[in-house]
Amino acid sequence: MLRRCIVLFVSCMGLLGVPSLLGQQRQSVELNTGWEFRQLAPDAAKPVEWHPAKVPGDVHLDLLDNKLIPDPYYRDNEAKLQWIENADWEYRTTLQVSPETLSHQHVELVFEGLDSAADVYVNDQKVMTADNAFRKWRVDVKPQLKAGANQMRVVFISPIKAAAKVAAKDPWQARTKTDEKTYIRKPAYEYGWDWGPRFVTSGIWRPAHLETWDAARIENVYIHQLDISQPLARVNMEADVVASQDGPAKLTVSYGLNGKNKDASQNVFLRAGMNHLTLPLEIDRPELWYPAGYGAQPIYQFHVRIGSGKAVADEATAKAGLRSIVLRRDRDQWGRSFEFIVNGIPVYGKGADVIPFDSFPSRVTTAQYRSVLESARDANMNMIRHWGGGYYETQEFYDICDELGIMIWQDFMFGNDWQPGTYDFKQQVEEEVRYQIEQLRNHPSIVLWSGNNETELAFHWAGRDQLPQDVRLRMWQDYLTVFSGVIARSVAELNPETPYWPSSPSSDYEDQTPEYQSGDLHEWNVWHGRVNFDEYETHFPRFMTEYGFQSFPEMRTIEAFTKPEDRASIFTPVMLVHQKNNEGNSIIHDYMLRYYGEPKDFSSFLYASQVLQAEGIKTGAEHLRRIRPRNMGGIYWQLNDCWPVASWSSLDYYGRWKALQYYAKRFYAPLLVSPHLEDGKLAVYVVSDKTSPTNAHLRLRIMDLQGKTLRQEQQDLTIPAGSSKSYLEIPLSEFANANGTDAAAIFGAADLQVDGKPVSSNIVYFVPTKLVHLPQAEIATDLTKQGDAYVLRLSSPALARSVYVSFGELDAKFSDNYVDLLPGEPVEIKITSPAALDQLKANMKITSLADAFAPPSLTGEAAK
Ligand code: BMA
C-alpha cells in the first residue's frame with residue numbers, strides 16, 4: 001500500500017506541470033518502509049529467512065522486534081548476544097520508480113547514516129561502499145534504475161571483520177598496536193565502556209531517501225557570524241549550491257525572527273559542480289542568544305532559495321542564534337585562563353558530560369532528549385560536554401540545546417583509543433569532520449569544538465610509553481596531524497567563529513605545574529584512585545571537564561532488569577553485569593564504609609549510594625565555584641545512562657533523577673552559599689553567577705541536632721556580579737569542641753535570602769559524616785492537592801539528612817528531593833503526578849540517611 005503511494009507522490013509532481021525553466025525543484029522521498037533483513041548466510045546454498053526490518057534502525061533492534069533475541073538489557077542477556085557482531089547482515093527493499101522520476105537529471109540515493117561497513121546494490125549492481133558511520137552517503141543511481149520495481153540491497157560486513165581487514169593494510173599497525181576496531185569509523189561505545197554494554201551493531205541507523213533534482217540543489221546553508229554586537233549583527237549567509245551546468249540564477253534569502261522577515265537577493269552565475277555563494281546581511285539591534293540564566297534564546301530563521309525567474313530549483317531553511325563566543329585564554333597569576341565569553345559576558349560553565357542515550361541510537365525519542373536536557377536546565381546547568389566516544393547527535397538534540405540555552409562542548413567522535421595514522425584514515429576523518437561541522441555549525445549552543453576524548457592522554461596509556469622511540473615519534477606525528485592539523489584546519493575554515501580545542505583534557509600542549517594551570521582537567525583520583533572526596537579541593541583547574549563518582553539507580557530501574565534473587569545483594573552476578581567499571585560495586589562499598597557504614601539492606605544501599613555520590617560531587621562542584629575566576633567551569637561525569645546500570649550518572653536510563661541531580665540543582669544555583677572549613681575556621685562563601693550586583697541577607701547558625709541555636713551571625717551583603725568571596729569567618733576553636741560542645745552533635749546552617757526569599761541554603765558538619773550523632777528520623781508528612789499539583793510538607797523535630805520521597809511504582813516529578821530537614825523547620829516540595837492523592841499517600845515512602853543504617857549500632861559506633 002505505502003510503496004504504491006511513494007510511486008504516486010513522485011509521479012503526480014510531474015502531472016502538476018511545475019515549470020521546468022531550470023527543470024523541477026528538488027524532491028526527496030523517505031525510504032523507510034518495506035525493508036526486510038536477514039543474516040547473510042555463510043553458505044549461500046542455505047539462505048536464511050528474511051524478516052521485517054525498521055529503517056532507521058539496526059540489526060539488534062530488528063532481531064529483538066522479530067523476537068529472535070531476548071531483551072539485550074535484561075539480566076545477563078548481553079553475553080548471549082555477542083555472536084551478532086561477527087555475522088554479516090543484509091537489508092533489502094523494493095523501489096517503485098516512475099518514468100517521471102527517471103526524467104530528472106539526477107536521481108540520488110542518500111543515506112544519512114550507515115553503521116558502518118556496507119555495500120549498497122541497486123538491481124544487483126554495487127553502487128556504493130560506505131565505511132564510516134558518521135558520514136552522509138550520496139550516490140546517483142539513475143543509471144541503475146528502471147521504471148517500475150527496483151531491488152535495493154545493503155550488505156553489512158561484520159564490523160569486526162571489516163576493521164581487521166582495513167587494519168591489516170596499515171604497515172605501522174603491528175608496531176603502534178593500534179586497536180583494529182579504530183580502523184573503521186563507528187561509535188566507539190558499541191564495543192563496551194565502563195558504563196555501557198557491548199553491542200557492536202550494524203544498520204541503516206539514520207534516515208535514507210531518494211532525491212531527484214535537475215539544475216541545482218542546495219547542499220548546505222551557513223550563517224557565518226562575522227561580528228555580533230548589541231547594535232548590529234553582521235553575518236554572511238553562505239550557501240553551497242551544486243549545479244548541473246553553468247548558468248545564471250538568483251539567490252534569495254528571507255530572514256528574521258518570529259515571522260518578521262526581511263528579504264535579500266543576489267544574481268549569481270552558477271558553474272557546473274559546487275558553488276560557494278555568499279550573501280552579506282546586516283541585522284540592526286539583533287536579539288542575541290544567551291546561555292540559560294543570562295538571557296533569552298531567540299532563533300532566527302533564514303529561508304534560502306536558488307532559482308531563476310519564478311522557477312525555484314531548490315530551497316532550504318537554516319536556523320541560527322546570533323551570539324559572539326570567545327574562549328579567553330589570558331596569562332594570569334594562576335597560569336592561563338580558560339573561560340567562555342558569550343556576548344562579552346564571562347560565563348561560568350556548569351553542567352555534566354553527556355553520553356549516548358541508548359546502546360541503540362535509532363530508538364532514542366525526542367521525548368527522551370527533551371526530558372534529559374530539560375532536567376539539565378532545571379538543575380541550573382548551562383553547559384554539557386557531548387562526549388567523544390559515542391555519535392554526533394541528531395539536529396533535534398542540538399535544537400533543544402539551542403532552545404534551552406544549554407551550551408555544548410562538542411567533542412569530535414574519538415574516544416580514548418589511539419587512532420590509526422594511515423593517510424586513508426586522515427582523509428576519512430577530514431570528510432567526516434567537514435560534514436559534521438557543516439551540518440551542526442549554525443547551532444548557537446555549540447560553543448567549542450574539541451578534537452577528542454582523552455586521546456592525548458592515551459599516548460601514555462597501555463604501555464605506549466615503552467614503545468620504541470621511532471614508533472612513538474610516528475604516532476605523535478600522526479596524532480598532531482589529525483587533531484592539531486586536519487580537524488583544527490577544518491574548524492578554522494568552516495566555522496571560524498567557534499573555538500577549537502585539540503582534546504579533552506588538554507593544555508594545548510603547554511607545560512603545566514600545580515601553580516601554572518592551563519586548559520581543562522579530568523580529575524579521577526577520586527573514584528579510580530579511591531582517594532577521599534576532599535582531594536577535589538587540592539586541584540585548581542582552569543576548567544574541569546570530568547570528575548565523577550558512581551551510584552546505583554533507584555529500585556524501580558533495578559527491577560526492570562533483575563529478578564528478585566538478583567537483588568539479594570549488589571554483588572549478585574546480574575548486578576555485576578550491570579556494573580561495567582572494573583570492581584565498581586566494591587569501590588562504592590568501600591567509600592560507603594568509609595563515609596557512612598554498612599547500609600541495612602539492598603534498597604537502603606541503593607539510596608545511600610546516591611547520597612554518597614551526591615555529597616562527593618557536591619564537595620567538588622562547590623570547591624570549583626568557590627575558586628572562581630581561577631576556575632571558570634565545572635562539568636561532572638556524567639549526566640545520563642545508555643542502559644539500566646550502576647554508573648556515574650545523575651539521571652538514570654529512564655531519565656529518573658538520582659540524588660545528585662537534585663544536589664546539582666542546589667550547588668549550581670545562580671547564587672550559592674557555601675560554608676567551608678579551612679585553615680581552622682569556618683568560612684562562609686557566597687558565589688554569584690549573576691550579571692549584576694545582588695543585595696542579599698546572609699545568615700549562619702551553629703545549631704545542635706535538636707535545633708537549639710548555639711550561635712548566629714548575619715549580615716546584609718551586596719554580592720558583585722560574577723564573583724566568589726568569603727563573607728563570614730569564625731575560628732572553629734570558638735564553637736567546635738569548645739565550652740563542652742561536642743563537634744559531632746552540632747552543625748552549621750547557612751542561608752542566603754534575596755528580597756526576603758531563600759535563594760540558597762547549605763549545611764556543614766564539623767566531624768566526618770560517619771561520626772555525626774545523627775538522630776533516628778521522625779519525619780512528619782502532609783500531602784495536599786493544590787491546583788494540578790501536590791504539595792508535600794515535611795518536618796522533623798531533629799536534623800534529618802537527605803530525606804528522599806518516593807511513591808513506589810507511581811510516576812512523579814519533584815521540585816526537590818533528598819532534602820535536609822532542619823529541626824522544626826518544615827520544607828515544602830511541589831509534586832506533579834498523574835496519580836491520585838490517595839494513591840500517592842498509600843505508596844509514599846520517606847527515607848533519610850539515618851534510616852538507611854541499622855539504628856542502635858550506628859549510634860553506638862558513632863559514640864565510640
Ligand atoms: C573518562 C571518560 C569516560 C569514562 C569515565 C569514567 O575516561 O572520558 O571514558 O567512562 O572517565 O571512567
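Some ground rules before the tour. In this predicted model, local features need pLDDT of at least 70 and side-chain atom pairs count only at pLDDT 80 or more, while totals for chains, interfaces and linings use all residues. Residues are numbered from 1 along each chain as its sequence is written, and side-chain values use heavy atoms, with hydrogens and water left out.

**The second largest pocket**

Let's start with the second largest pocket, which holds about 1,100 Å³ of space. A pocket here is an open set of points on a 1 Å grid over the protein atoms alone, where a 1.4 Å probe fits and protein lies on both sides within 12 Å along at least five of seven lines; lining residues have an atom within 4 Å of a point. The volume is the space filled by probe spheres set on the points, with grid points joined across faces, edges and corners.

The lining runs to 43 residues, and Glu 554, Arg 556, Arg 656, Ala 812 and Phe 814 lie nearest the centre. Elements giving two or more residues include helix 7 (366–378), helix 12 (555–559), helix 16 (659–667) and strand 46 (827–832). Helix 15 (602–626) is also on that list, and with five residues helix 15 makes the largest share of the lining. Helices (H or I, at least four residues) and strands (E, at least two) are DSSP runs, numbered from the N terminus. By residue class the lining splits into 15 nonpolar, 13 polar and 15 charged; Ala, Val, Leu, Ile, Met, Phe, Trp, Tyr, Cys and Pro count as nonpolar, Asp, Glu, Lys and Arg as charged, and the others, Gly among them, as polar.

Strands count as paired if DSSP finds at least two bridges between them.

One is an open, antiparallel sheet of three strands in the order 45-43-47. Its edges are strand 45 (819–821) and strand 47, each pairing on one side only. Neighbouring strands are turned by 40 degrees against each other on average, direction ignored. Strands 43 and 47 pair over three antiparallel bridges, and Ser 806 has Lys 845 in strand 47 as its bridge partner. Contact means heavy atoms within 4.5 Å; axes are lines fitted to C-alpha atoms, for helices over the stretch in contact, and angles run from 0 to 180 degrees between N-to-C directions.

The other sheet is also open, with three strands in the order 34-35-38 and antiparallel pairing. Strand 34 (671–678) and strand 38 (723–731) each have a single partner strand, so one side of each lacks a neighbour in the sheet. Here the twist averages 20 degrees from one strand to the next. Strand 35 (residues 681–688) joins strand 38 through eight bridges, and Val 686 is bridged to Lys 725 in strand 38.

**Backbone details**

| Bond | Omega | Loop holding the Pro |
|---|---|---|
| Val 55 to Pro 56 | near -5 degrees | strand 3 (51–52) to helix 2 (59–65) |
| Ser 504 to Pro 505 | about 0 degrees | strand 29 (500–501) to strand 30 (517–518) |

Lys 67, although not a glycine, has a positive phi of about 55 degrees. Lys 67 sits in the loop between helix 2 and helix 3 (77–80).
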